[in-house]
Amino acid sequence: MHELHERLKAIFPLGELTVQRPDLAFITLGREHLRPLLLELRHRHGFTHLVLLTAVDWIEEGCFQLTYLLNDRAGARDLGLRVMLPREGASMESIHDLWPTAATYQRELREMFGIDFPASPGVDEPFILEGWRDIPPYRRDFDTLKFAEENFNQRPGRATLDPARHMRDRLHPEGE
Amino acid sequence: MKEELEKRVVKGPDGVEFEVDPLRDYYCQSAPTVMPPAYIKIVEELFNWARAESIWILGFGTGCGAIEMRPLMTPRFDAYRYGIQWRPTPRQANLFVISGYLSVKTLKRAIRSYEQMQNPKYVVGLGSCTINGGMYWDSYNTIKRLDDYLPVDLYITGCMPRPEALLAGFQELKRLIRAGQAEGANRYAEQFEWYKANQKRVIHDWDMPDYNW
Amino acid sequence: MDFDWIRIPYALLTLFIVFNYGLLLNALIAKIAARVGRRHGIPIWQNYIDLIKNYGLRSSITHGAMYYLGPVFRLSGGVGLLLFVPTIHGSLMFANLSFAGDLILALYFVFFGTLGMALGAGESGHPHAAIGISRGLSQVTAAELPFALAVFSVALQYQTLSVSEIVAAQQGGMLNWTLFTNPFAVAAAMLSFLGSMMRPPFDVVIAPQEIPIGPPTEYHSSYLALMQTNRAIFPIAKVVVYMNLFFGGATSWPLFCVKVFLIYMVSVLVGVVFPRFRVEQSVRWFLVWALPLGVVAILLV
């Protein structure tokens, strides 16, 4: 992994390498280098499979992190590429022409995080939510409990028990 | 609103142009009516007995609870010996098992399927998600009380209920049917406005007709 | 020509017996299939309960006149087939309404129900029904070809078109059966029989796992109950035709029950062993394996 990182660093301005496991590492890079790096990895280094494309909402820093996880089947290793986007008006270049499956991920991200991928097929169509009118639900400023209480009728009488304490009281009522 | 549901002008094969409003033209426009047990008592009792002994379940798993229905067909539990069978089409089914959590998107399909079933029809809510939301009590996308949207005859508690609990629930449902108390379809027809208002309150893009049969 | 009016109630009695026998036999076979899978299976009287329940449903909707007529046609196909073929040989009571040319009529009735179903299910407007019908018609047509050849072969062999006379010619020991006197015709007909019984491997038309249930998708309550009634009668009626043509007919009800059960079991046994064919596969199968046998049968006679 370190060797791969060194070789790539010679071509692209890359961030630090985070090695999670011997066969899994993450690299942070700028958004303009993503496409050339994906092509380089796919054609030169055997990362032919897009495992997933997902996002993290770093609301404190005001940005979204996109993670493109690639897999090298022959080398049995995974490499994640992290791209940071500004949270306001988040938009990213689509990669559906590299991996057609990316279109589905991008459609989901558009719906759940509100990250736009212009020119991605069907990106504006509803994916899981139908008729959603609030802010995208996976954003961290979306209050899911408040939304549920306002929109759905709750049945009264619901109680929540802490499982650990409840079982201790039930099984050992005399105490520790 | 989907494109194919919008009003449009169609040119027929004979060259005549005419307007089509799919929601009005392709669906029945009459609300469901209460269908009383109009037969003499003993006939109705015979029918109730037959209904109880021949329960056809709509094969539509709405949530994770559907996985608990599969073992019922296997040699270990074998629900067929109780007269329970699965039908692939709502037209022929009598029992709709809402198996687990019901997201708003699935609720829409569940309503359509339920309304296509024939009277008398029964709804069983399976698992705590259908009762009060269960572990999805604060979820933005699942309904919390099934009986606001469909007339539920019976709840089976648990997360998940085991197949044995399902079998016990079906026996209880049989008792209700035999006693003539499982009149969910008529309750639905009586309080149709109330059910529709509840349904429309959570389904924001209502792009189907109010009556789906 | 004087018509013996007593034959009508007798024929209805036959119908009644066959109807009950069919319901029980269907349940028995479902039970056998369940036991193969080590299940208990449905109770033996389950079909009666299903029937009562479906007749007892309170609401039903219609899609038009042909939609009504579909199950009616289907039922009349089954009933007609049964009524015009002698059930018990040598018994005036259960000879039904058979007459000199009933073989041709029987051939027609075998196909009649499917055609009626096509009209009715077509009007229901459900896409699955349309797909199921097109599959069903092509498969039944392909299965019908070898059967028709076999029937012609038998008719040539005995020089008659009357089922009664064919049965009469086969009496007097097993070796007189068509099974032994014209084995190729029987082989072709039995292969065709597999195809028309709507059991695996040729049940793609109505299989619930494929296009959900095919032609009867939209049928419910009383319509479905009519079709269930037919499902009890039609296979038995069909087996009766086979029994009469190829297996020496039956001279009494117990013999009838045993023979029908055994012939039916042929398709069941094949069904539990072999996986399902797609339509084009089954059509090819009929044309490659069954049709030449039928041609050979004709040529040999």
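In what order do the five strands of chain A form an open sheet? In this predicted model, for which local features need pLDDT of at least 70, side-chain atom pairs count only at pLDDT 80 or more, and totals for chains, interfaces and linings use all residues, the order is β1-β2-β5-β4-β3, with mixed pairing. Residues are numbered from 1 along each chain as its sequence is written, while chains are lettered from A and ligands numbered from 1 in the order in which they are written.

Strands, like helices, are DSSP runs numbered from the N terminus, a strand (E) having at least two residues and a helix (H or I) at least four, and two strands are taken to pair if DSSP finds at least two bridges between them. The edges of the sheet in chain A are formed by β1 (14-21) and β3 (49-58), each of which pairs on one side only. From one strand to the next the twist averages 20°, where axes are lines fitted to C-alpha atoms (for helices over the stretch in contact) and angles run from 0 to 180 degrees between N-to-C directions. In general, the strands of a sheet pair through backbone hydrogen bonds, either parallel or antiparallel.

Chain A as a whole contains five helices and five strands, and its elements follow the sequence α-β-β-α-β-β-β-α-α-α from the N terminus on. The radius of gyration of chain A, taken over C-alpha atoms, is 21 Å, well over the 16 Å that the globule rule (2.2 Å times the number of residues to the power 0.38) gives for 176 residues, so chain A is more spread out than a compact globule. Its C-alpha trace spans about 65 × 45 × 30 Å along the principal axes. Of the 176 residues of chain A, 18% count as buried, a class that requires 20 or more other C-beta atoms, placed from the backbone, within 10 Å of the residue's own, whereas exposed residues have 12 or fewer and partly exposed residues lie in between. Contacts are assigned where the C-beta atoms of two residues, placed from the backbone, lie within 7 Å, and among the contacts in chain A with a separation of 6 or more, residues 24 or more positions apart account for 46%.

Two helices of chain A illustrate its buried positions. Helix α3 (residues 102-112) is mostly covered, with eight of its eleven residues buried, among them A:Tyr105, A:Leu109 and A:Met112, together with the charged residues A:Arg107, A:Arg110 and A:Glu111. The buried residues of α3(A) pack against β3 of chain A, and just after this helix A:Gly114 takes a positive phi of about 75°. In helix α2 (residues 34-44) of chain A lies A:Leu37, which is buried, with 22 other C-beta atoms within 10 Å. Apart from neighbours within four places in sequence, A:Leu37 is in contact with A:Leu8, A:Phe12, A:Leu29 and A:Leu81. A:Leu37 also lies 9.0 Å from A:Ile11, C-alpha to C-alpha, at a sequence distance of 26 residues.

Chain C has eleven helices and zero strands. Its radius of gyration of 19 Å agrees with the value near 19 Å for a compact globule of 301 residues, and its C-alpha atoms fill a box of roughly 55 × 45 × 40 Å along the principal axes. Of the 301 residues of chain C, 50% count as buried, and residues 24 or more positions apart account for 79% of its contacts with a separation of 6 or more. An unreviewed UniProt entry places the feature "transmembrane region" at several stretches of chain C, including residues 174-194 and 283-300; UniProt positions are given in the numbering used here, feature names are shortened, and annotations may be inferred rather than shown by experiment. Residues 174-194 of chain C are 76% helix and 0% strand, with end C-alpha atoms 23 Å apart, whereas residues 283-300 of chain C are 100% helix and 0% strand, with end C-alpha atoms 25 Å apart.

Between chains, 16 residues of chain B are in contact with 16 residues of chain A. The side of chain B that touches chain A has six nonpolar, four polar and six charged residues, where Ala, Val, Leu, Ile, Met, Phe, Trp, Tyr, Cys and Pro count as nonpolar, Asp, Glu, Lys and Arg as charged, and the others, Gly among them, as polar. Of the two pairs of chains that touch, chains B and C have the most contacts, whereas chains A and C do not touch, their nearest C-alpha atoms being 25 Å apart.
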